[in-house]
Amino acid sequence: MTLLPSLKYRIALIIALIAGVLLAIVIRQNIAMSHAMAEYQLATKEEVFASFLEDISRSALLNGEYEVLQLYLDKLRKDPDILHIRAADYRGVVVSSTEPSELGMQIGGLPVTGGSEWQHRGIVNEAGEIGSIAIRFSHSVIDKEHARVLKTSILYSVAGLVLLLVTGYFIGSLLTRRLHKLTLAARSIAGGDLTVQVTDNKNDEIGLLGESFNSMARRLEVMIDETHRLNEELEQRVIERTTELETANMLLEQARDAADAANAAKGNFLANMSHEIRTPMNAIVGMSRLALQTDLTPKQREYLRKVGFAADSLLGIINDILDFSKIEAGRLDMEKADFLIEEMLEKLVAVVSPRLQEKKLEFLIEVSSELPPSLIGDATRLGQILLNMVSNAVKFTESGEILLSVLQIKRQEQRVTIRFSVRDTGIGMTREEISRLFQPFTQADASINRKYGGTGLGLAICRQLVRMMGGSIQVVSESGRGSEFSFEIDFMVGKLLPQRLVTPGPDVRGMKVLVIDDSLHSREIFTEQLSSLSFSVTTAENAGQGLAELESASSGKPFDLVIMDWVMPEVDGFEATRMIRNDPGIQQPKIILATAYSSQKAEEQARLNGLDGYLCKPVNLSVLFDSIMNALGKDSQTSASSPASGQTLAELAAIRGARALLVEDNEFNQQVATELLESAGLTVSLAIHGKQALQILASETFDIVLMDVQMPVMDGLEATRRIREMSGLGQLPVVAVTAHAMPQDRQRCLDAGMSDYISKPIDPDELRQLLVRWVPPQRVKQQDKQTPSPESSTGNELSLPDSLPGIDIHSGLRMCNDKCSLYLEMLQKFRRTRRDEAGEINRLLAAGELETAGRMAHNMKSVAGILGATDLSGAAQQLESVISGNQADRFAATLDCYAQSLEAVIVGLDTALGAALE
C-alpha cells in the first residue's frame with residue numbers, strides 16, 4: 001500500500017508544494033529586504049556618529065580639552081546602539097573613554113572585542129595624524145527586528161500551507177470523483193463483467209473518456225467472443241496438423257529406412273560389381289600380358305598392347321567410381337600408420353613410368369633434404385592423390401617434363417607441414433575450366449570431339465581425400481603454359497628409417513661432379529642430392545658448356561664424375577660422351593648416363609658407348625649413390641637401417657633367442673609366420689589350435705604367443721581367456737594374428753585379454769615392430785641370442801617371371817621376407833593344393849556345412865593375401881561374409897566370382913611357370 005493511494009491527495013500535495021515553494025521564496029525575499037534596510041540604517045547612523053565624533057575629537061585633541069570630549073562621550077554612551085567609545089592622542093594614549101578604567105592606557109595594550117562591530121578612524125590635520133577614535137556599535141536592535149520579521153513570516157507560511165492543502169484536496173476531490181467511477185468500472189471489466197457502463201452526462205474530457213470506456217467494453221466483449229471461436233478452430237487445426245505431422249514423421253522414417261537400405265544395397269552392389277568386373281578384367285589383363293610373351297605378328301602385338309592399355313584404364317575407372325562412392329557415403333576411413341616417403345614415391349614411379357616413357361616425358365621428383373624419412377598417415381591414400389595428379393599431368397602433357405615436389409614448409413617438434421605439388425608443361429587451363437575442374441564426372445575438355453578422355457572423378461576424389469587429411473588443393477594454370485596442382489598437409493613425424501642409410505666414405509667426400517642436363521629442375525635436383533652426399537657440384541645446361549667446364553678443370557683439379565643427360569638439344573648424351581672420350585685435353589672422368597626414357601636398348605647402348613653407369617629418372621638418393629660407387633669401382637658404403645619399427649639393430653638383437661609359440665591351423669600361414677619369426681632370431685614352436693596351445697603352455701615357457709583367432713577345436717579368443725586364467729601367464733604377451741581387419745574385430749581380441757593385434761597377411765616390418773615392443777629383452781638368455789644362419793643359395797634357384805596374372809609379385813615377395821625360394825615354394829603348394837577349392841566350398845554349401853565352408857573362405861583370404869593375389873583375397877572375403885550372413889540367395893553369384901578369381905590365378909601359374917614348378 002502506497003503512502004498516497006488516492007489521486008486527490010496527490011493533486012492536493014502537488015498544489016501545496018508548488019504554492020509553498022513560491023510562498024517560501026516571497027517570505028525569504030521579504031526577510032532579506034527587511035534585514036538589508038535595517039543594516040543600511042545602522043550603517044548610516046554609524047557613519048554620522050563617527051563623523052561627528054571625529055570633528056569633536058579633532059578640536060579637543062588640538063586644544064587639549066579632554067574633559068569636554070569626555071562629557072560628550074558620556075552623553076553618547078546612553079544611546080542603545082553605542083556600546084563603547086575611546087579616543088587616543090597621537091601617542092596612542094587613551095585620553096577619553098566610555099570606560100574610565102581605560103584612561104591613560106596605551107591603545108595597543110587594550111583588548112579588542114566584538115570583532116567587526118568596531119570602527120577605527122584616524123584624526124588628522126595639516127600636520128598629520130594627531131590621534132584616533134574607536135567606536136563599537138551594537139546590532140541588537142537589528143537582530144530583534146530580524147527575529148520578529150522571521151517569526152511573523154513563518155506563521156504566515158504555515159497558515160498559507162494549510163490553506164493550500166485544503167484547497168488542493170477540494171480541487172482533487174472534484175477532479176477524481178468521476179475518475180473513481182471509471183476505476184470501479186475498469187475493475188469490474190477486469191473481473192470479467194463486460195456489461196458495465198459508465199454514466200456521465202457531462203461533455204468535458206472526463207465525460208468523453210467515459211463514453212470511450214463504454215465503447216471499449218463493448219468491443220472487448222465482441223473480441224473475446226471471437227477469440228473463443230478462433231481458439232476452438234485453432235485447437236481443431238492443431239489436432240489435424242499433429243495427425244499430419246505424425247503421418248509425415250512415419251513416412252520420413254520409412255524413407256530414411258529405405259534410404260539406408262538403398263545405401264546398403266548400393267554398397268553391396270558396388271562391392272559385388274567390383275569383384276564381378278575385376279575378375280574378368282584381371283583375366284583380360286593377365287592373358288594379354290601372357291599373350292604378349294608369345295610369338296606374335298606386329299599387328300597382333302599392337303592389338304594386344306592396346307587391349308592391355310584399355311583394360312588398365314577400365315580398372316582405374318572402376319577404382320575411381322568405388323572410391324567416390326565410399327567418400328559420398330562417408331564410409332572411407334583414413335589410416336594412421338608409419339610409412340617411408342621414399343617407398344611411397346618409388347611405388348608411384350613404378351606405376352606411372354610406362355605411360356611417361358610412352359609419351360617420352362621427363363618425370364622429376366624434388367624432395368627436401370630436411371624432410372624426415374617417415375611420416376604418420378595414410379600412405380595409400382596419399383599415394384592415390386599423387387598418382388591421380390601425376391596421371392592427370394601426363395594425360396594433358398604432350399612434351400616437356402612433369403615435376404613432383406615434396407617440400408617441408410615448417411616443423412614444430414614432432415609435427416611437420418609438407419607441401420606436395422605437381423607441375424607440368426601441358427596444355428594448361430582457362431579460369432572457366434578451372435572452375436569446373438573438381439566436379440565429379442566433369443572434364444576440363446568437355447567438347448564432343450575432346451581429345452582427352454576420362455571420367456573426371458580422379459581430381460574430385462583427390463580434393464575429397466586432401467580435405468579428409470586437413471588440407472585443400474590449389475591450382476595455378478594458364479592456357480597453353482602448363483598447370484600446377486598443390487596442397488599442404490600436416491603430419492606427425494614417423495619412427496621408420498630407410499632400409500639403407502647412405503654413408504659416403506672419407507675417400508669420396510668432396511669429389512667433384514659435373515651435371516650436364518638441359519632441364520633446370522633436373523640440374524637443381526641433382527645438385528641437392530649430390531651436395532647432401534658431400535660432393536662438390538658444378539652444372540652445365542648443354543654439351544658445349546659441359547666440355548668447356550671439363551677442359552677448364554683439367555688444368556687444375558679435374559672432375560671425377562659426370563652425370564650426363566641423354567636427350568638434349570643439338571648434342572645428345574651419347575655424342576657428348578664420345579666427344580669427351582676423344583678429347584686429349586680432358587682428364588677422363590667417370591660418366592653416368594641419366595635419362596627419363598628407360599629401356600633395355602638404351603642401357604645396352606650406354607655400355608657400348610663407354611659409359612660407366614646408367615640411371616633412370618627420377619632417381620632416389622640411395623640408387624644414385626649406388627650407381628656412383630659402382631662407376632668408381634667401390635663398394636657402396638650403405639648400411640641397413642634399423643628395422644621398420646625404427647628400433648636399432650641392438651634392440652632387435654636383444655630379443656634373439658626368445659621363444660615364440662605360433663598357434664595357427666593354416667599350413668601356408670604357418671610356413672610364412674615361422675619364416676618371419678625365425679628371420680628375426682626367435683625360436684618357434686607350433687600349435688594347430690587353441691587346445692593344443694594350452695597343453696604346450698602348461699609344460700613349456702614362452703616369451704610371446706602369436707594366436708590365430710578362427711581355428712577348429714578351440715578358437716583363439718577362448719584359448720586366450722584360458723591362458724589368462726592359468727597360473728603365471730597373466731602377463732604373457734598374446735598377440736592376435738587374424739584375417740579379420742575391422743575395428744570391432746580388434747576390440748573383440750582385446751576384450752578377450754589379448755595384448756595386441758596384427759592382421760593377415762603379416763607385414764614383416766609390422767611384425768618386427770611388434771616383437772621389439774612385446775618381447776622383454778631381460779628375459780632372453782645370452783646363450784639363446786644366436787642369429788639364425790641365412791638361407792644358403794644353391795646357385796640354381798628358380799627365378800620369378802616379370803608378372804603373374806592376378807598376383808602382385810612384389811607384395812607376395814615382401815610377405816615372404818623377400819625370399820624367392822620360399823615364395824616359389826608357396827606358389828607351388830598353392831597351385832598343387834588349392835586349385836579345386838571352389839568346388840569343395842560348393843559341395844559344403846550344398847550339404848549345409850556353412851561353418852566349414854566359411855572357414856575355407858577365411859583361410860583362402862589370408863593365403864591369397866600372403867601370395868599377393870589381392871583380387872582373390874577380396875573375393876574370398878566377400879564369400880566369407882555372404883556365408884557368415886547365411887545369405888543363401890547370393891551364394892551362387894559370390895561363389896562364381898570367387899571361382900573365376902581362383903581360376904585366373906591357377907591358370908596364370910600354370911601358364912607362366914608350368915612344369916618348372918614341378
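Predicted model: local features only at pLDDT ≥ 70, side-chain atom pairs only at ≥ 80, totals over all residues.

Colleague: OK. Which residue in β11 does I376 stand opposite?

Modeller: I376 stands opposite M492. The strands there are β7 and β11 (residues 483-493), which pair in the antiparallel sense over 2 bridges. Strands (E, at least two residues) and helices (H or I, at least four) are DSSP runs, numbered from the N terminus.

Colleague: And how many bridges does β7 have with β5?

Modeller: β5 (residues 337-340) and β7 (residues 374-377) pair over 4 bridges, again antiparallel. One of the partners is G377 in β7, which bridges to A337.

Colleague: New topic: what's the strand order in the open sheet of 4 strands?

Modeller: The order is β2-β1-β4-β3, with antiparallel pairing. β2 (94-97) and β3 (118-125) are at the edges with a single partner strand each, so one side of each has no neighbour in the sheet. The twist averages 20 degrees from one strand to the next.

Colleague: What does A88 stand opposite in β2?

Modeller: V94. Strand β1 (residues 82-89) pairs with β2 over 3 bridges.

Colleague: Now helices. At what angle do α25 and α26 pack?

Modeller: About 160 degrees, with the axes of α25 (residues 870-884) and α26 (residues 891-912) 9 Å apart. That makes α25 roughly antiparallel to α26 (the cut-off is over 145 degrees; under 35 is roughly parallel, 65 to 115 roughly perpendicular and the rest oblique). Axes are lines fitted to C-alpha atoms, for helices over the stretch in contact, and angles run from 0 to 180 degrees between N-to-C directions.

Colleague: Which residues meet there?

Modeller: Among them are L872, L879 and V882 in α25, and F891, L895 and Y898 in α26. Contact means heavy atoms within 4.5 Å.

Colleague: Last one: is Q671 buried or exposed?

Modeller: Q671 counts as buried because its relative accessibility is 17% (buried is under 20%, exposed over 50%, partly exposed in between, with a 1.4 Å probe and protein chains only). Q671 is in helix α16 (residues 667-679). Not counting residues up to four places away in sequence, Q671 touches L822, E825, M826 and K829.

Definitions and conventions. Residues numbered from 1 in each chain as written. Heavy atoms only, no water. Pairing = 2+ DSSP bridges.
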